[in-house]
Amino acid sequence: MTMRYVYILASVLAAIGVTIFVYKWQALGFPLTAGQQKPAWTIETSLRFDAGPGSIKVNLQIPALTPGFGTLDQYSLSRNYGFSVNYGGGGREAQWTVRRASGPQTLYYRIVVYEDPDADLSDTTPPFPLPPVIDEPLKTAVEVIVDDVRAQSADPASFTSTLLRQANDSSPEPSVELLLADADTPVKFVDTMTTVLAAARIPARMIRGLELQDQTRRAELIPWLEIHDGVRWRYFDPQTGEESLPERFLIWFRGNDPLARVEGGSNIVVNFAVQQSLLDSMTIAEQRAAARQSMLVEFSLFGLPIQTQAVYSVLLMIPIGALIMVLMRNVVGIDAFGTFMPVLIALSFRETRLLWGVILFTLLVALGLSIRFLLERLRLLLVPRLTAVLIVVVILMLLISVVAHKLGLETGLSVALFPMVIIAMTIERMSVVWEERGAADAIRGGTGSMIIAVLAYLAMGMDWLEHIVFTFPELLLVVLAAVMLIGRYTGYRLTELRRFKVLAAE
Amino acid sequence: MIGIARKLRAAGVLGLNERNAEYIARLNPRRLYPRVDDKTMTKRLALEAGMAVPELYGTISHQADVRRIGEIVGERDSFVIKPAHGSGGDGIVVITGRSRRKRDCYRQASGLLITESELRHHISNIVGGQYSLSGNPDTALVEYCVQFDPLFADVSYQGVPDIRVIVYRGYPLMAMVRLPTRNSGGKANLHQGAVGAGVDLRTGTTLTGVLHNDVVDEHPDTGALFAGLRIPHWGFILESAARGYEVTGLGYLGVDIVIDRYLGPLILEMNARPGLSIQIANGGGLAHRIRRIDAIRDAGATPPERAEVARVEFTVELPAAPTELEPADYWVADDRR
């Protein structure tokens with residue numbers, strides 16, 4: 001009966017733990033290993049202009065909706081300037097303002113983005129565009145082109161492809177040639193295309209973006225064409241008419257407006273510099289979870305102050321050490337002093353490192369034991385004697401530190417990190433066992449404690465495990481379930497197989 | 001390794017985990033523990049139930065009373081001091097006599113002398129809680145020193161041999177005689193190196209012994225064979241053990257009984273977590289016997305009835321050839337002679 005409750009409870013706990021774990025891992029993209037890195041790009045936009053005599057107002061189009069990319073951070077560097085971000089027709093606009101400035105001015109806007117396949121931010125469905133007002137003779141040319149292309153296409157997408165193909169033809173139709181007489185830059189070309197598309201009542205706009213590479217000091221905004229087919233926005237290469245988007249294409253802004261405007265200044269020059277860096281996946285996952293307003297992350301360890309986080313990264317490993325101890329004691333059957341003493345010793349090994357930890361601990365206990373036997377002759381009462389042992393332990397730690405420092409063994413200093421009360425208790429317990437049951441039992445218990453401590457240390461020292469437990473603390477529920485199951489383990493301990501070996505012979 | 005486990009399972013050997021989870025956790029409610037963990041209470045309850053126990057001379061529960069030891073002991077030459085909450089025989093001092101010249105110098109069972117001030121320090125340690133399970137302040141008991149029956153004189157080295165009976169839901173299940181050795185310091189505790197000899201429940205005759213998890217036939221110090229000793233008052237011993245269930249209410253119980261030369265069987269103490277080495281001493285597991293009791297248990301049976309059931313059910317045929325020396329050993333021994 002009890003058994004069934006334990007199984008049910010354990011499986012419920014494990015299921016909860018694993019479910020949260022899988023959700024965080026798969027859906028939120030929390031990394032399984034520490035230091036997993038994802039590329040991120042810092043795009044620095046610098047605006048240079050000459051200040052005029054009066055007040056200055058500078059506007060810059062900045063990214064708003066960026067399919068395929070998430071924004072990690074954005075900020076402006078501009079001394080003395082007021083800075084604000086407004087939502088305009090084409091998206092977002094950054095605005096710098098200053099009452100008075102003189103000489104050449106430079107303003108910076110930086111944005112950090114990372115690739116995020118889920119960031120498919122849907123834009124609004126636009127209304128059908130009004131027929132553009134075009135002067136003759138272009139009006140006729142546009143009408144001819146629209147009629148011609150419409151005849152050769154089926155829907156907005158194929159219309160656009162066909163249009164672009166005709167426009168890029170090396171020997172174009174006369175009407176196309178007439179229309180494109182002025183379009184000597186790619187931007188003007190795409191602009192003209194949007195006019196034609198508008199004439200065909202297809203919502204279209206120019207987008208301009210950056211192809212993100214490792215490092216580019218002078219990145220160019222590439223114009224691209226975007227049309228709405230009634231369901232979604234589609235992207236077309238203005239050069240070939242193919243429906244596509246360049247690799248790692250960050251859409252900077254949409255529309256026909258100029259990239260930057262300056263009032264009260266002149267000669268504005270905008271430059272883009274792209275720098276790729278590697279960011280911890282953790283940062284990105286948090287960012288993504290925050291964007292989804294996931295409660296799981298809102299109430300996670302990562303919300304705590306850094307120092308507290310550091311404490312918990314250690315504390316969360318204690319259950320792992322304790323699990324090792326449970327396994328060693330109840331399944332393997334190793335004797336040890338105290339219930340949690342081995343885990344606490346293992347914890348202090350974190351600072352001293354293993355070899356030194358074992359050496360220092362053994363030294364300390366051995367010295368303490370010999371002093372304890374001397375104290376025995378004084379016939380002190382129990383509590384004062386324990387206190388005396390404690391004080392002796394502190395003095396011994398001090399001596400070891402000082403001697404080690406003199407000898408230049410800096411690791412010796414870490415002896416101070418041992419839990420001295422635990423050591424004092426160990427010494428007392430060990431000395432009682434020593435007297436009552438003999439040295440063999442005492443040394444066996446001490447060795448057992450040490451073996452468990454070392455194993456617990458090794459388990460608790462695994463970086464990937466520490467990372468996993470810290471990132472997915474819900475896995476502690478799985479540990480809890482495991483401990484519960486071991487709690488109902490009624491099989492033999494490994495050491496019992498040896499102990500009762502004679503009974504198995506028959 | 002799995003093969004060994006399977007064989008042990010087949011032999012009905014009980015492991016620590018199974019004992020703790022299945023029997024102790026289920027049959028021994030924690031609130032009843034004080035009845036066995038506190039030896040003064042065990043003694044009182046046993047007396048109330050009409051069982052024979054070693055006479056209590058006095059108790060010391062405060063440091064200030066430690067000096068009263070002389071007063072409690074009076075002119076007696078032998079007595080035992082033990083912690084009320086001790087476990088595994090820790091902290092027990094057996095005084096068997098006094099120095100002729102100095103009356104305040106006592107002779108321990110080991111023959112070593114101990115002065116009264118040393119004795120006081122020991123008692124003060126007991127009272128301070130050095131031997132109690134939790135380290136809490138404790139009480140020291142001063143009681144009658146059992147004059148053990150000469151029956152076991154050949155198979156024990158100093159100290160007092162006792163009989164451990166495992167009682168499952170009131171039914172005696174298995175028994176062994178625990179015999180002190182030089183290594184055990186005169187203590188009848190298997191952990192400390194005492195020898196345990198299995199006992200046939202029907203006749204009260206000893207079987208082979210166990211020393212440190214190994215089967216042995218002869219006492220390591222005296223060389224006497226264990227097997228074939230007939231324990232006196234056997235029926236009464238089993239009955240007393242069975243009665244331990246009524247006294248303590250514990251369903252999985254170890255009852256320790258000593259046989260006094262003059263007073264007969266006395267209940268020494270009871271244990272809520274009796275050890276498992278008794279299985280080695282008896283050459284068989286407890287699990288089969290537990291299942292048998294579960295099958296035939298009668299909740300209304302009286303202690304004598306239950307003892308009788310145990311005698312009928314759990315008889316063991318005596319091992320045919322207890323000595324299994326390798327032939328080579330004989331030759332070596334002969335050469336030396």
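Figure 1. A:Arg329 is found in helix α9 of chain A, which covers residues 318-332; helices (H or I, at least four residues) and strands (E, at least two) are DSSP runs, numbered from the N terminus. The view comes from a predicted model, in which local features need pLDDT of at least 70 and side-chain atom pairs count only at pLDDT 80 or more, while totals for chains, interfaces and linings use all residues. Residues are numbered from 1 along each chain as its sequence is written, and chains are lettered from A and ligands numbered from 1 in the order in which they are written. A:Arg329 is classed as partly exposed because 19 other C-beta atoms lie within 10 Å; a residue is buried if 20 or more other C-beta atoms lie within 10 Å of its own, exposed if 12 or fewer, and partly exposed in between, with C-beta atoms placed from the backbone. When residues up to four places away in sequence are not counted, A:Arg329 touches A:Ile334 and A:Ala336, where contact requires C-beta atoms, placed from the backbone, to lie within 7 Å. A:Gly448 is 119 residues away from A:Arg329 along the chain, and the C-alpha atoms of the two are separated by 9.4 Å.

**Figure 2. An open sheet of 5 strands in chain A.** The strands of this open sheet follow the order β3-β6-β1-β13-β8 in chain A, with antiparallel pairing; two strands pair if DSSP finds at least two bridges between them. β3 and β8 (215-219) of chain A stand at the edges, and each has a single partner strand, so one side of each is left without a neighbour in the sheet. On average, neighbouring strands of this sheet are turned by 15° against each other, direction ignored; the axes are lines fitted to C-alpha atoms, for helices over the stretch in contact, and angles run from 0 to 180 degrees between N-to-C directions.

Figure 3. Strand β1 (residues 37-51) of chain A runs antiparallel to strand β6 (residues 104-115) of chain A, and 11 bridges join them; here A:Thr42 stands opposite A:Val112 in β6(A). β1(A) also pairs in the antiparallel sense with strand β13 (residues 265-280) of chain A, over 14 bridges, and A:Ile43 has A:Val274 as its bridge partner in β13(A). Strand β3 (residues 69-77) of chain A pairs with β6(A) over 8 bridges, again in the antiparallel sense, with A:Gly70 standing opposite A:Tyr114 in β6(A).

**Figure 4. An open sheet of 4 strands in chain A.** The order of the strands is β4-β5-β2-β12 (chain A), and their pairing is antiparallel. The edge strands, each pairing on one side only, are β4 (82-87) and β12 (260-263) of chain A. Neighbouring strands of this sheet are turned against each other by 20° on average, direction ignored. Strand β2 (residues 56-62) of chain A and strand β5 (residues 92-98) of chain A run antiparallel and are joined by 7 bridges, and A:Ile62 stands opposite A:Arg92 in β5(A).

**Figure 5. Where chain A meets chain B.** Chain A brings 23 residues into contact with 30 residues of chain B. On the side of chain A that touches chain B, the elements giving two or more residues are α12 (382-406), α13 (420-437), α17 (494-499) and α18 (501-504) of chain A. The largest share, 4 residues, comes from α18(A). By class, this side of chain A has 11 nonpolar, 3 polar and 9 charged residues; Ala, Val, Leu, Ile, Met, Phe, Trp, Tyr, Cys and Pro count as nonpolar, Asp, Glu, Lys and Arg as charged, and the others, Gly among them, as polar.

Figure 6. Chain A has 18 helices and 13 strands, and buried residues make up 33% of its 506 residues. Chain B comes to 11 helices and 13 strands, with buried residues making up 48% of its 337 residues. Chain A averages a pLDDT of 82, and 93% of the residues score at least 70; pLDDT is the predictor's confidence in each residue, from 0 to 100. Within chain A, confidence is lowest in helix α7 (residues 295-298), at a mean of 62, and highest in helix α16 (residues 475-487), at 92.

How values were computed:
Two residues are in contact if their C-beta atoms, placed from the backbone, lie within 7 Å.
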